[in-house]
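Please open the structure in your viewer and keep the sequence panel beside it. This tour moves from one selection to the next and says what is there at each stop.

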Amino acid sequence: MQTRFSFGGDEHIFAEVGEAMSLEAFFKSLFITNAVRDAKIKGVTEICPANASYQVKFDPDQIKPDDLLTELKRLDSASEKSEPVIKTRIIEIPVLYNDPWTHETLMRFRERHQDPNGTDLEYAARINGLDSVDAFIKAHSSAPWFVSMVGFVAGLPFLYQMVERKRQLQAPKYLRPRTDTPKLTVGHGGCFSCIYSVRGAGGYQMFGITPMPIYDPNQNISYLRDFMCLFRPGDIVKWKPIDRAAYDAAVADVDAGRFAPVIRDVSFSLTEFNRDVDAYNSKLDGVLHGR
Amino acid sequence: MAVKVLKPGLATTVQDLGRPGYYHIGIPLSGGMDRHALAAANLLVGNEAGAAVLEAVFMGPELEFTEDAIVAVTGAELPPKLDGEPRETWTSFRAKRGQILSFDFLKQGARGYIAVSGGIDVPVVLGSRSTYALGALGGFKGRKLEAGDELPIGRAVATGKEGRSVARELRGQPAGMPTELRAMPGLYWHRITEAAGNGFFSDTWKVAPEADRIGYRFKGGKPLEFVPREPPFGAGSDPSNITDACYPYGSIQVPGGTEPIVLHRDAVSGGGYFMVGTVIAADMDLIGQLQPNTPVKFVKVDMNQALVARKSRSELLGRLHSALA
């Protein structure tokens with residue numbers, strides 16, 4: 001992979017690691033942005049990894065644009081030699097699939113959808129060659145997902161499914177974006193899932209909702225007191241399908257301040273993962289559940 | 001000391017110079033869209049240049065002072081009135097306890113900056129008092145002002161003087177018709193044909209009604225023609241789609257190749273639309289003062305020209321500081 005660099009005006013350098021999404025491109029962008037952070041380069045003000053690219057914002061009064069570009073190219077070629085291993089976290093996210101709130105919303109915006117006579121889940125199941133919504137939910141929730149980017153709006157994770165490309169679920173965005181999406185909706189567009197951190201506009205297919213807050217600007221939620229956004233690029237997410245009773249119980253726990261998310265530290269090796277995807281994923285599952 | 005909001009205006013928010021450092025998790029810089037005018041308003045009333053002020057768009061609020069204060073309104077020609085008596089923009093004046101600041105109709109520009117000696121003293125969140133409304137973060141309760149709000153005012157660090165003003169040549173407001181916005185081609189520029197690239201810079205665009213703190217949309221130019229390609233995995237099928245990536249501040253995305261959107265201080269931090277280039281930092285303030293329907297031309301510049309423009313903008317700010325020292 002040859003990284004393509006471009007200046008984004010006089011304050012940004014944009015680096016496209018790969019045109020197409022892949023775990024290799026994501027890993028490289030994560031790796032280099034970590035290296036840039038560790039290098040503590042004077043004049044660098046923002047370091048943003050994305051799915052298959054990254055961006056560095058800088059103050060050209062403190063570092064010459066060409067000098068920073070040279071430094072980034074040096075870090076880029078140095079990264080080729082390093083072992084693709086990261087220390088990260090695996091986080092369990094409970095999901096009520098097929099919930100009444102996203103259902104109400106998707107019915108309200110039906111004329112903007114590819115399939116006005118079905119639901120987003122029915123449509124996604126069909127175009128992915130699965131014979132039922134339940135089969136789709138199983139495909140969505142059985143393997144873990146990488147947080148390959150955090151952004152668009154505050155704290156919103158983009159998630160990339162950790163399976164071979166031929167097994168990856170794909171779905172187009174709505175024909176025209178909605179003006180409303182419930183907060184904490186689990187959505188999907190292209191090959192990415194996401195969790196909407198705030199209520200607002202959106203174009204992703206809507207599959208369900210999580211009771212677990214991921215963004216709290218007031219920092220009242222116990223696990224968001226240290227920082228208001230839960231996710232960091234490189235986190236691993238495992239969806240846990242739950243029913244309505246479990247959803248209501250979780251919401252009550254959140255409100256009462258006693259909801260405890262399942263989060264474990266884990267080390268991830270891309271080489272070992274690629275050797276046997278299913279075996280590696282079940283090992284990750286073991287870490288999550290303390291087995 | 002507090003300022004009571006009697007009428008909020010259209011979308012009045014608390015802003016300072018913004019909140020760098022959190023763009024990688026989707027929290028944008030925020031802060032005044034016209035930073036030069038924001039600094040001028042502060043310096044006029046004796047504040048630090050980056051103190052928190054009110055940014056009012058298209059329409060001013062109505063405010064009551066609970067203590068005496070020095071006030072200044074800069075940026076757009078949004079004429080202030082004190083108890084109904086006209087006051088000058090870009091000039092400091094004294095407001096006495098109980099007096100009411102209101103505004104006449106907007107005459108020019110888009111955003112007025114209202115500074116009060118002592119600064120708007122809302123809590124600092126992640127290093128800034130700026131409002132990021134999309135994330136309900138910072139400012140006054142994370143939102144635009146509403147009638148009945150009471151804004152705390154800090155203790156003035158210096159004794160502000162009334163009757164000071166900023167000369168026209170130090171105001172840094174957009175001049176000329178159409179407004180010229182200098183931009184560096186780049187990012188995904190290679191996705192469009194040479195003819196489309198030339199058209200982008202030679203066409204006259206107009207500010208669309210969808211223009212806010214997140215971004216400014218433009219219409220009226222020719223649609224951009226794309227270089228054909230096989231959609232890369234993860235990008236999406238539309239020729240304007242990319243694998244979701246970071247968006248620079250000032251970057252110019254063109255969904256569907258039709259209407260360019262320039263991202264501003266409350267930018268969405270990333271997404272799946274290609275970008276043809278980036279408006280240079282020196283011209284970002286100007287965008288904040290454009291009304292819908294204003295004609296605009298994008299002017300192609302390279303990095304050297306961008307850095308010269310940057311230096312000249314920073315010297316203008318230096319001269320403003322000296323003039324009001």
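Begin by selecting B:Pro178, which lies in the loop between strand E11 (150-152) and strand E12 (179-185) of chain B; helices (H or I, at least four residues) and strands (E, at least two) are DSSP runs, numbered from the N terminus. The model is predicted, so local features need pLDDT of at least 70 and side-chain atom pairs count only at pLDDT 80 or more, while totals for chains, interfaces and linings use all residues. Residues are numbered from 1 along each chain as its sequence is written, and chains are lettered from A and ligands numbered from 1 in the order in which they are written.

Next, select B:Leu187, in the loop between E12 and helix H2 (194-202) of chain B. Phi of B:Leu187 is near 60°, a positive value in a residue other than glycine. B:Leu187 counts as buried because it has 29 C-beta neighbours inside 10 Å, where buried requires 20 or more other C-beta atoms within 10 Å of a residue's own, with C-beta atoms placed from the backbone.

Now go to B:Ser30, in the loop between strand E2 (13-15) and helix H1 (35-44) of chain B. B:Ser30 is not a glycine, yet its phi is positive, at about 55°, and with 32 C-beta neighbours inside 10 Å this serine counts as buried.

Finally, select chain A, which has eight helices and twelve strands. Buried residues make up 45% of its 291 residues, and its C-alpha atoms fill a box of roughly 55 × 45 × 40 Å, taken along the principal axes.

Terms used: Buried ≥ 20, exposed ≤ 12 C-beta atoms within 10 Å, placed from the backbone.
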